[in-house]
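The tour below goes from one selection to the next.

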Amino acid sequence: MPTPSPHRLTGRGVALLLATLPAIVLTEHALANQPAGALPGGIANWLPPAGTVVWLVSLLLATGTGWWIGRRRVRPSCQPEMERLQHCFEENTSMLMLTNAVTGRIVNANQAAADFYGWSRQSLVGRPLSELWTSPCPHWWRSIQVDLPSPAHHLHTHRLRNGETRLVEVHVTPFRDHEGMAHVFSILHDVTERERAAETLERERIRLGNVIEGTHAGTWEWQIDSGAMTCNARWPEILGYGPGELGPISLDTWQTLVHVDDRESVIRTLAACRRGERDICEIEARMRCRDGGTVWTLAQGRILEWSPDGEPLKMWGTLHDVSHRKRMEHDLWLAASVFSHANEGIMITDLDARIIDINRAFTQMTGWARKEVIGHTPKLFQSGLHGRDFYREMRARLKRTGHWSGEVWNCNKAGELYAERLTISLVRDAQGRPCNYIALASDITDLKNYQKELEHRAFHDALTGLPNRLLMTDRLRQGMAAARRSGKQLAVAFLDLDGFKAVNDRHGHDIGDQLLKQVS
């Protein structure tokens, strides 16, 4: 279809505007001066209000006059205005198009549109607009209705000449020309990157929301100058409060809920942030709950907004319930205290019996330093007094029951023997899987020596060290039983010291004792 001359269209529009103004003035003046009773009574009943009549008559006069003037040549005085409009269309950096609403073909397009789609202007003119779409656009057919009260806009994906697809925001204004032909004036914007950025921002917002929801963290925003705070629902929930029960939350609310023993530290840290001395805060403090109890909390925040003068304005952060971690830390501290200060030697190994750690008591008992035994096995301490069967039975019981306890003779770093009461236990992880062995050892060398001494005193003479009557009787019974089993004879010899009493009487008991030791 031929393209209407832009000069012609502009000239008729200007003529229509020029013709409308005097028509409106004349019609309004005539009706305003007409007496109310001058109109016939039958007509007065159905006539619309005077204002509506004025605009209706004006519209009719303007339409007729504009049509008449439009048939004439445009006056030279309108030429500069038309040139400026034409220049605006041609040089506009926005993509502009004129489309026939009936055929859907492009009537005109500026250079910006041609550059965007990769076609020349001549190639775009006459081309169906639908060839630029990746799929049918229902929004277009609804928006080009000339009866729409106002311009409309929509988003649609367009395809460039090189095959690339872009998201385009289309603003359409339908109108009819002087011949009644329906056209659509379109302003197009490439919003691909904007929409991608918006999608990325939305994904990040959803991800951040999921992270907060997944970590079950309370969030807060602190207006540093006013002290006002904005918190999510999880923040008061950590303290056992429902939504709205704490009222408007402020910095004073936070500090009031902090345990009295921790309040000074919290106030000092937040004051440093308010003065701009630090932009990151991390506060561990006990806070009072709704039921009167306390909960350990960890508040972490950072100042992210500053005034032009460098004054801190806003801080954002999170609040976590760390009571469980604090209890675990306390339990670990107790375990470490026991490990470090226990009088018993403690040795920890892996499942292959490689030493992982020992405590100070173990070093004192064996003489081996921690760095000297890490990575070795307990074979380092074996004395050789226990055979393979002893250790084989130990491993079998550990495997069967996870526990072994007994007495072991080992050798310290200096090569000296020592006796220990040893208890070995298998340690399992949270899933019940074996992970380590822990051995607790007590040095019982003195006890064993004392026990041996008591046994020696019970069965030997204190002066000579020879077996006494109890031990002789026990050995005689064993010898008689052995002789009875073997059918052999048993001989018993008896020695007597003659004149021993005279030695005691003449030289004293000390000399007599020395004589007995020499003879024995």
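Select helix α17, residues 469-486, and find L476 in it. Helices here are DSSP runs of H or I with at least four residues, strands are runs of E with at least two, and both are numbered from the N terminus. The model is predicted, so to speak of local features a pLDDT of at least 70 is needed, and side-chain atom pairs count only at pLDDT 80 or more, while totals for chains, interfaces and linings use all residues. Residues are numbered from 1 along each chain as its sequence is written, and side-chain values use heavy atoms, without hydrogens and water.

L476 is partly exposed, at 33% relative accessible area. Buried means under 20%, exposed over 50%, and partly exposed in between, with a 1.4 Å probe and protein chains only.

Patch residues have over 30% relative accessible area and no salt bridge; nonpolar side chains are joined within 5 Å, like charges within 9 Å. A salt bridge is a side-chain nitrogen of Lys or Arg within 4 Å of a carboxyl oxygen of Asp or Glu.

Next, select R354, K379, R388 and R395, which form a positive surface patch. R388 lies in helix α15, residues 388-401. R388 counts as exposed because its relative accessibility is 72%.

Last, select strand β6, residues 218-223, where five of six residues are buried. Strand β7, residues 229-231, runs antiparallel to β6 and is joined to it by three bridges; pairing takes at least two DSSP bridges. W222 has M229 as its bridge partner in β7.

Methods: Accessible areas come from the Shrake-Rupley method with a 1.4 Å probe; for residues, only the protein chains shown count as cover. Lys and Arg count as positive and Asp and Glu as negative; His and the chain ends are not counted. The place of a charge is taken as NZ of Lys, CZ of Arg, CG of Asp or CD of Glu.
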